[in-house]
Amino acid sequence: MSKKKMKKNIPLPIVILISTVLLFAMYLSLSTLSLAIWGDSVMGTVDRYDSRSDDVTAEKNRSRTVSKGYWFVVNGKEYRGNVIYSSDEAWMNLGEGETRSERIRYIARIPYINKPAALSDFDEMGEMAIIYHILSPIGSLLLLVFVLHTARLGYKKN
């Protein structure tokens with residue numbers, strides 16, 4: 001009785017999904033670093049805010065999930081943005097028509113790349129966040145190369 005050979009191919013949809021997630025992780029960190037280095041600041045308006053308590057025993061800056069919707073104007077054109085992040089920040093939720101001002105960083109040539117300054121300014125984000133945003137694209141790229149190499153080898157064997 002002969003043994004069946006198991007396929008070692010990674011299915012193409014899985015390769016595409018993993019590659020997309022890794023490319024998105026690289027984009028997020030590289031855009032944050034770009035905003036911190038080359039970004040300009042403008043006062044924006046937060047018009048949606050929600051802060052949900054997740055875990056009161058969590059480590060620093062991880063006890064709440066914060067969601068913000070904001071807009072700002074550059075050269076007479078309005079841009080909108082949304083962010084979701086973990087923090088200990090706990091503002092009062094915004095009522096109907098209520099707004100708050102917040103500093104927003106954006107890239108002058110591409111204002112669609114933007115974030116609140118607290119998430120994209122070296123002075124405000126902290127050392128661990130800076131290290132994370134430097135190492136994350138490198139790690140994601142290495143994983144992407146590994147996945148694509150593994151998938152290619154699997155397809156060549158057949």
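1. Asp40 stands opposite Tyr106 in β4. The two strands concerned, β1 (residues 40-53) and β4 (residues 100-107), pair in the antiparallel sense over seven bridges. Two strands count as paired if DSSP finds at least two bridges between them. Strands (E, at least two residues) and helices (H or I, at least four) are DSSP runs, numbered from the N terminus.

2. This is a predicted model, in which local features need pLDDT of at least 70 and side-chain atom pairs count only at pLDDT 80 or more, while totals for chains, interfaces and linings use all residues. Residues are numbered from 1 along each chain as its sequence is written, and side-chain values use heavy atoms, with hydrogens and water left out.

3. Thr45 has bridge partners in two strands: Ser101 in β4 and Trp71 in β2. The strands β1 and β2 run antiparallel and are joined by eight bridges.

4. Two hairpins can be picked out. β2 (residues 64-74) and β3 (residues 77-87) pair in the antiparallel sense over 11 bridges, with Ser67 opposite Ile84 in β3. Two residues lie between these strands, and Asn75 in the turn has a positive phi of about 50°. The other hairpin is formed by β4 and β5, again with two residues between them; β4 and β5 pair in the antiparallel sense over four bridges.

5. The largest pocket holds about 1200 Å³ of space. A pocket is an open set of points on a 1 Å grid over the protein atoms alone, where a 1.4 Å probe fits, with protein on both sides within 12 Å along at least five of seven lines; lining residues have an atom within 4 Å of a point. The volume is the space filled by probe spheres set on the points, which are joined across faces, edges and corners. Of the 37 lining residues, Tyr85, Ser86, Leu119, Ala129 and His133 are the closest to the centre. β3 gives the largest share of the lining, eight residues.

6. A search of the whole structure finds four aromatic pairs. In one of them, the rings of Tyr79 and Tyr112 have centres 5.0 Å apart and planes at 85°, so the pair is edge-to-face. Rings of Phe, Tyr and Trp (its six-membered ring) pair if their centres lie within 6.5 Å; planes under 30 degrees apart count as stacked, over 60 as edge-to-face and the rest as tilted. Tyr79 in strand β3 and Tyr112 in strand β5 are 33 residues apart, and the pair links distant parts of the chain.
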